[in-house]
Amino acid sequence: MEIQLSAPWETESLCLTLKTTNPTPYPWRPGTTSSVWGSPRTAASPSSSMKGSVPVLELLPDDQLFPFAGGDALLVSLVCRSVLHHFHFKGSVHSVSFSPNGRKFVVTKGNIAQLYHAPGKKREFNAFVLDKTYFGPYDETTCIDWTDDSRCFVVGSRDMSTWVFGAERWDNLIYYALGGHKDAIVGCFFEANSLDLYTLSQDGALCVWQCDTPPEGLRLKAPKGWRADMLQREEEQEEEEEEEEESAKETTIRGKAAPAEEEKQGKVQYSRLAKYFFNKEGDFNNLTAAAYHKKTHLLVTGFASGIFHLHELPDFNLIHSLSISDQRIASVAINSSGDWIAFGCSGLGQLLVWEWQSESYVLKQQGHFNSMVALAYSPDGQYIVTGGDDGKVKLWNTLSGFCFITFTEHSSGVTGVAFTTSGHVIVTSSMDGTVRAFDLHRYRNFRTFTSPRPTQFSCVAVDCSGEIVSAGAQDSFEIFIWSMQTGRLLEVLSGHEAPISGLCFNPMKSILASSSWDKTVRLWDMFDSWRAKETLALTSDALAVTFRPDGAELAVATLNSQILFWDPENAVQTGSIEGRHDLKAGRKELDKITAKHSAKGKSFTTLCYSADGQNILAGGMSKFVCIYHVKEQILVKKFEISCNLSLDAMEEFLNRRKMTEFGNLALIDQDAGEDGVAVPLPGVKKGDMSSRHFKPEIRVTSLRFSPTGRCWAATTTEGLLIYSLDARVAFDPFELDTSITPSRVRTALCQKEFTRAVLMAFRLNEQKLVQEALEAVPSSEIEVVSSSLPELYVEKVLEFLASSFEGTRHLEFYLIWTQKLLMQHGQKLKSRAGRLLPVVQFLQKSIQRHLDDVSKLCNWNRYNIRYALAISKQRGMKRPLEPPDSEEDACVSEDDSLHLLGAGVLA
């Protein structure tokens, strides 16, 4: 399972779901957020997603998602989180809207609107059936809205016109064109249970249109000829079969901006009641987004300056306005009740949810403005800290998926982040020449470490005690050592002859490993006056270094795409992995050479051991993350982090359609001047930001494995991705034979043979069956059953308990199981501490989360009870009208109130 927490959010579509009333920012990969549990998830896997950014998104009434990318569309089920259907609309889709009854939807592409029958719950060969095609606007269409009864819809266009179309074959309304604006239409909305219209244009003008016909006054067009005969035969059938027969008849409706007078007779007519302007004189603030809530008559408009207005229609009364950003508001959405308003600012990647009645923020999220370059897990696995090129340090909750604190003290890009073993301090290094320590209790920067001479730090590391901080310099080739307690510089380690690329402390010993571009890895002994204990010579530049969790092995990534394994005690190389063929780097648009030749310069830039030390993760200048088995030195699995073709270096071969007789079209900038040749800035490696068409290159900048061993995270061009184990689908039995079946397990439970039932359930290894067997054991028998379990099954029971704590309601019951298992088998488990450490940390993380939640609830209830008791004691007592005359009286009255509170607590 994959979760995407942060991404450079640049889409123009924002969707507020009707059930969870919580916003979902959609990058190219659709994800959902539940307001009840606050847990994000990825709706579709990257392999099944579309090949580009998702600019348009719509939610069906029956929990199905409908994302668009160009002309490609997916139908995604939010229940099973899988793609149900693929469809191509043969053109770039600008907007889509489902009818309120969920039976049809309108898609706008170019200057036309197409009406489709929405997919139903029955299995169909083609989920999308075209019903009608509507012509009318001369320029690109921008927005859609439906009437409440799904009889008509309205389409806005860039040609300053608005078109009302009938979804059925109405006799008095086929199409109607509305003008009155001087700029492109941004939004058009029907009034509730009416054909009255509101239209908004980009120059900040609002037109109110009144229709002379109610929705009930629309008349169906009488059929003629063979259609009449067909309808007579279909009258005997059910209404649903009628709709299915009619859906096969595709029709085309061509509208006219100025129809003849004969065509207007007996038709629906519109008249403009009023025209309002948002902007004052001399204020040229463009209107960029709008949303309307029909029940509350609330109009929300967003502007290019980051200001939004709330108006009550149709009187255009301003409720309030507020500036929420210094960038343009790209998208606005309102939830079903009309209480929450969501805003998306694509320039800064902001997502805001505003509760307009109390004028307070419900949610305020912002990702890194530039790419993320470093991440680290907290020791308990609950939090992730990330650092980016924008100089910000963000702390993310892995359970809710939200960023809850941002540190902005760095004035340049962050190059490294690290947690101390206590989990209460974050240490970061930056190109601004400082290493900073942040306190997670008070959320402040309490230490700033600097070097005697200004230098740029490329990496940072903290020892296992949390007392020693080290950072490597990029320009002076030195390693600086500071004390966390005093903040003083303890030592400057010299010896490297090139920039320092990586630092890592041995988890078990006081040894610091440093890798450099000078083709060496040096081991420094902290207890021996920081002398270089060993120097490991490499065949190429070292790019990353990391220790195994037990400290008995060292892994180094080199520039020639190799991963070298060393024994740090004896300074002997134990193995190597050739990863050049596994990287499969793509070809960038501006590359003059093929991907095969450019792959010679690609390599792994980040390494990370798994929690048990048996596997190693490797990522770098590619869209793939490789996981290798260390002992066997073979590729176990390769993860493709993205299929987004809007990123650079995604394809191995250039697109033939972009190749012309003059060469690659990507090398030609249409707006560069007379020559038409784009001249990039010299020396730019990360991409020419001055270019008019800039595509970020796909790459993996940092990898970290969770201490719990259940998931790993990666910072990529796509954002922060978390991959976790999802064993709900796979059937993975353990020591299974033919005599073990679910019925045998339930029979053993009926016979009160609990130990035998639990062992058989774990051998079948089915989640629900194991839960049934464990919860069937009486609390008085838990101690006996846990003491009789073999050692091999104790680890499996602890792992199951840790995973079950996340969703169970039987907290006390599972805590008793955990306590009895640890008390009975604690001494034997110590001998396998290294192997069991991820399971124990996973268990600790689950229990700690419940402790935090329950303790807050208990404290809140205790204060409420104390307050209620104090109020009940004061009821009926007469209070003095005058304040106490002397200080003694004041002290006496204060003592009485304190005594009263204490009596309430004792009571």
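## Basis of the report

The model is predicted: local features need pLDDT of at least 70, side-chain atom pairs count only at pLDDT 80 or more, and totals for chains, interfaces and linings use all residues. Residues are numbered from 1 along each chain as its sequence is written, and side-chain values use heavy atoms, with hydrogens and water left out.

Helices (H or I, at least four residues) and strands (E, at least two) are DSSP runs, numbered from the N terminus. Two strands are said to pair if DSSP finds at least two bridges between them.

S37 takes part in two hairpins. Strand S36 (residues 425-430) runs antiparallel to S37 and is joined to it by 5 bridges; the bridge partner of Ser429 is Val435 in S37. There are 3 residues between S36 and S37 in their hairpin, where Gly433 has a positive phi near 90°. Towards S38, the bridge partner of Arg436 is Thr448. The hairpin of S37 and S38 has 4 residues between the strands, and Tyr443 in the turn takes a positive phi of about 55°.

## Strand S20 and its neighbours

In strand S20 (residues 205-211), 6 of the 7 residues are buried, so this strand is largely enclosed by the rest of the structure. S20 pairs with strand S19 (residues 197-201) in the antiparallel sense over 4 bridges, and Cys207 in S20 is the bridge partner of Thr199. The hairpin of S19 and S20 has 3 residues between the strands, with Gly204 at a positive phi near 85°.

S20 also pairs with strand S22 (residues 270-277), in the antiparallel sense and over 7 bridges. There, Tyr270 in S22 stands opposite Cys211.

## Helix H7

Helix H7 (residues 754-764) has as its buried residues Phe754, Ala757, Val758, Met760, Ala761, Phe762 and Leu764. Their cover includes helix H6 (742-750), helix H8 (767-775), helix H9 (782-787) and helix H10 (791-804). After H7 comes Asn765, which has a positive phi near 60°.

## Backbone features in loops

The loop between strand S25 (307-312) and strand S26 (317-323) contains Pro314. The peptide bond from Leu313 to Pro314 is cis, with omega near 5°. Phe316 lies in the loop between S25 and S26 as well; its phi is near 60°, a positive value in a residue other than glycine. Phe316 is buried, at a relative accessible area of 15%.

Phe477 is placed in the loop between strand S40 (468-473) and strand S41 (479-483). Although Phe477 is not a glycine, its phi is positive, at about 60°. Is Phe477 buried or partly exposed? With 28% relative accessibility, Phe477 counts as partly exposed.

Terms used. Buried means under 20% relative accessible area, exposed over 50%, partly exposed in between (1.4 Å probe, protein chains only). Contact means heavy atoms within 4.5 Å.
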